[in-house]
Amino acid sequence: NEEVREANNSVLAASKRYPDRIAGFCFVQPGNGPAALDEIDRCVDAGMIGVKLYNQFKYSEPTVFPIAERCIERKIPIIGHSGHVTDAKTKAAQPNISDSLDFCLLSGRYPELLLILGHVNGGGDWEWAIKALRSCPNVYVDTSGSVLESDTIDMCVRELGHERILFGTDSTMEGGVGKILSADLTPTQREDIFWRNLQQILDRRSA
């Protein structure tokens, strides 16, 4: 719809103004059908590097499948809003929020899909979220979120391997960076998480 297109246009304008600093992800609503696919093509052709989904539908639902297939065709990743929520109030407010099992189901159907579980520290039971990804080797996890519990990054590395972890922040930059700096990582692992792992995903488009 027009609101979605207008929001994506704002990101495109920012990336055009600061091409060396900003690379956008295209937001779409899977329920919009062919219009969502057209919006992906428009945004990617204009320079965006991936698709961002929210929680209108669980990612294991068939409504999301055409989005996944288009992203496979364009060799771009999907980053999805996530959370294993446990309290009744949040469940009622976000009944379609996807947790790790939804990501695993989508990844199992499309093993070639570049799929990122967004903000493992965004709320809910992050320990459950990490452990549930152990059997889904094609799902990456980003480290963003306002929760700053000290063991998150170490647990991600322990359970998933550092190659599947992508740096992110949707709260303070200090908190996001501090989680990585305070974890028990080698210099190479730290650099991989900060940028190299994502760069490898982006490089697949030119492979």
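Which residues are buried in helix 3?

**Before selecting anything**

This is a predicted model, in which local features need pLDDT of at least 70 and side-chain atom pairs count only at pLDDT 80 or more, while totals for chains, interfaces and linings use all residues. Residues are numbered from 1 along each chain as its sequence is written, and side-chain values use heavy atoms, with hydrogens and water left out.

**The whole chain**

Show the protein chain as a cartoon, and nine helices and six strands can be traced; helices (H or I, at least four residues) and strands (E, at least two) are DSSP runs, numbered from the N terminus. The radius of gyration is 16 Å, close to the 17 Å that the globule rule gives for 207 residues, so the chain is as compact as a globular protein of that length; the radius is taken over C-alpha atoms, and the rule is 2.2 Å times the number of residues to the power 0.38. Along the principal axes, the C-alpha atoms fill a box of roughly 45 × 40 × 30 Å.

Now switch to a surface. The protein chain exposes about 10400 Å², of which carbon and sulfur atoms supply 51%; accessible areas come from the Shrake-Rupley method with a 1.4 Å probe, and for residues only the protein chains shown count as cover. Of the 207 residues, 45% count as buried, where buried means under 20% relative accessible area, exposed over 50%, and partly exposed in between (1.4 Å probe, protein chains only). Among the contacts with a separation of 6 or more, 70% are accounted for by residues 24 or more positions apart, a contact being heavy atoms within 4.5 Å.

**Helix 3 and its cover**

Select helix 3 (65–74) and display its side chains: Phe 65, Ile 67, Ala 68, Arg 70 and Cys 71 are buried, which answers the opening question. In general, an α-helix has 3.6 residues a turn, so residues three or four places apart point the same way.

Within helix 2, pick Asp 41, which, leaving aside its neighbours within four places in sequence, is in contact with Arg 70 and Arg 74. For a sense of scale, draw a C-alpha to C-alpha distance from Asp 41 to Leu 148, which are 107 residues apart in sequence and 36 Å apart in space.

**The aromatic pairs**

A search of the whole structure finds three aromatic pairs, where rings of Phe, Tyr and Trp (its six-membered ring) pair if their centres lie within 6.5 Å, and planes under 30 degrees apart count as stacked, over 60 as edge-to-face and the rest as tilted. Select Tyr 59 and Phe 103, whose ring centres are 5.1 Å apart with planes at 90 degrees, so the pair is edge-to-face. This pair links distant parts of the chain, with Tyr 59 in the loop between strand 2 (50–53) and helix 3, and Phe 103 in helix 5 (residues 100–109), 44 residues apart. Tyr 59 counts as buried at 2% relative accessibility, and Phe 103 is buried with a relative accessible area of 0%.

Next select Phe 65 and Tyr 110, whose ring centres are 5.8 Å apart with planes at 70 degrees, so this pair is also edge-to-face. Here too distant parts are linked, since Phe 65 is in helix 3 and Tyr 110 in the loop between helix 5 and strand 4 (115–117), 45 residues apart. Phe 65 is buried with a relative accessible area of 13%, and Tyr 110 counts as buried at 7%.

**Loop stops**

In the loop between strand 2 and helix 3, select Thr 63, which is partly exposed with a relative accessible area of 30%. Not counting residues up to four places away in sequence, Thr 63 touches Pro 30, Gly 31 and Phe 57.

Just after helix 3, Lys 75 takes a positive phi of about 60 degrees, although Lys 75 is not a glycine. Lys 75 sits in the loop between helix 3 and strand 3 (78–80), and counts as partly exposed at 40% relative accessibility.

Finish at His 119, in the loop between strand 4 and helix 6 (126–131), where phi is near 40 degrees, a positive value in a residue other than glycine. His 119 counts as buried, at 11% relative accessibility.
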